[in-house]
Amino acid sequence: MPKAKTEQAELERRRKISKTMIENDITKGKNNPRYGKYHSKKTKQKIGNSLKGSIPWNKGKIGIYSEKVLEKNREVHKGLILSKKCKEKISRAVSGKNHHNWQGGIGKLPYSWGFNNQLKKEIRERDSYQCQFCGKFGKCIHHINYNKKDCKRKKLINLCVGHNVEANYSREKWELCFTVLNELRGI
Ligand SMILES: [Zn+2]
């Protein structure tokens, strides 16, 4: 049989099987003959070897997928549909040590013993409960040099919530900025 014809016949055969399976509703879940069954490692190896170098049966073929399937594939590639497992994977990949702003886990370091409510109150009152950067109300005490053990008055500054968060990024810039601000105020 000429190659093209064989190919055509093979395609036709697969289409027929697929149609029958869909018609009898045996393709999905428990109805699938392979439901709950897995290939052994050896079998997988065998399949892999036999497929090596062969061209996937659907390569370059047009009209073998319905528009619905194609649309779903497009959405998956666009990232609109992510499985829960996939989302968890991404989340794990970008959090903690893998996060671009990871600072070595210093966020979890304990504050020093001296950093107590009394000291916080003192700094807030010193800074009039105002964010020393924008002037808005604020009562977040920020460690200027990011050293939570350093509780010298001049190393502490009162900030609003927004700037307290922002100060976690571009640390060098903020450290310089707040140091100068405190110096200017004679602290
Ligand atoms: Zn502010």
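## The strand pair

Strand 1 (residues 140–143) and strand 2 run antiparallel, joined by four bridges. Two strands count as paired if DSSP finds at least two bridges between them. Across the pair, Ile141 stands opposite Asn158 of strand 2.

Which residues of strand 2 point one way, and which the other? Leu156 and Asn158 point one way, Ile157 and Leu159 the other. All four of these residues are buried. Buried means that 20 or more other C-beta atoms lie within 10 Å of the residue's own; exposed means 12 or fewer, and partly exposed is in between, with C-beta atoms placed from the backbone.

## The model and its layout

This is a predicted model: local features need pLDDT of at least 70, side-chain atom pairs count only at pLDDT 80 or more, and totals for chains, interfaces and linings use all residues. Residues are numbered from 1 along each chain as its sequence is written.

The protein chain has seven helices and two strands. From the N terminus on, the order is α-α-α-α-α-β-β-α-α. Helices (H or I, at least four residues) and strands (E, at least two) are DSSP runs, numbered from the N terminus.

Of the 187 residues of the protein chain, 10% count as buried. Take the contacts with a separation of 6 or more: residues 24 or more positions apart account for 51% of them. A contact means that two C-beta atoms, placed from the backbone, lie within 7 Å.

## The nonpolar core

The largest nonpolar core has 11 residues: Cys131, Phe133, Ile141, Ile144, Leu156, Ile157, Leu159, Cys160, Ala167, Trp174 and Phe178. Such a core is a set of buried Ala, Val, Leu, Ile, Met, Phe, Trp, Tyr and Cys residues joined through C-beta atoms within 7 Å.

Which elements give two or more residues to this core? They are strand 2 (156–159) and helix 7 (171–184). Strand 2 supplies the largest share, three residues. Ala167 touches His142, Leu159 and Trp174, leaving aside residues up to four places away in sequence.

Helix 7 has 14 residues, so at 1.5 Å a residue it should span 20 Å. The expected span is 1.5 Å times one less than the number of residues. The end C-alpha atoms of helix 7 are 20 Å apart, which agrees. After helix 7 comes Gly186, with a positive phi near 75 degrees.

Arg126 lies in helix 5 (residues 117–126). Why is Arg126 partly exposed? Because it has 15 other C-beta atoms within 10 Å. Arg126 and Arg153 are 27 residues apart along the chain, and their C-alpha atoms are separated by 9.7 Å.
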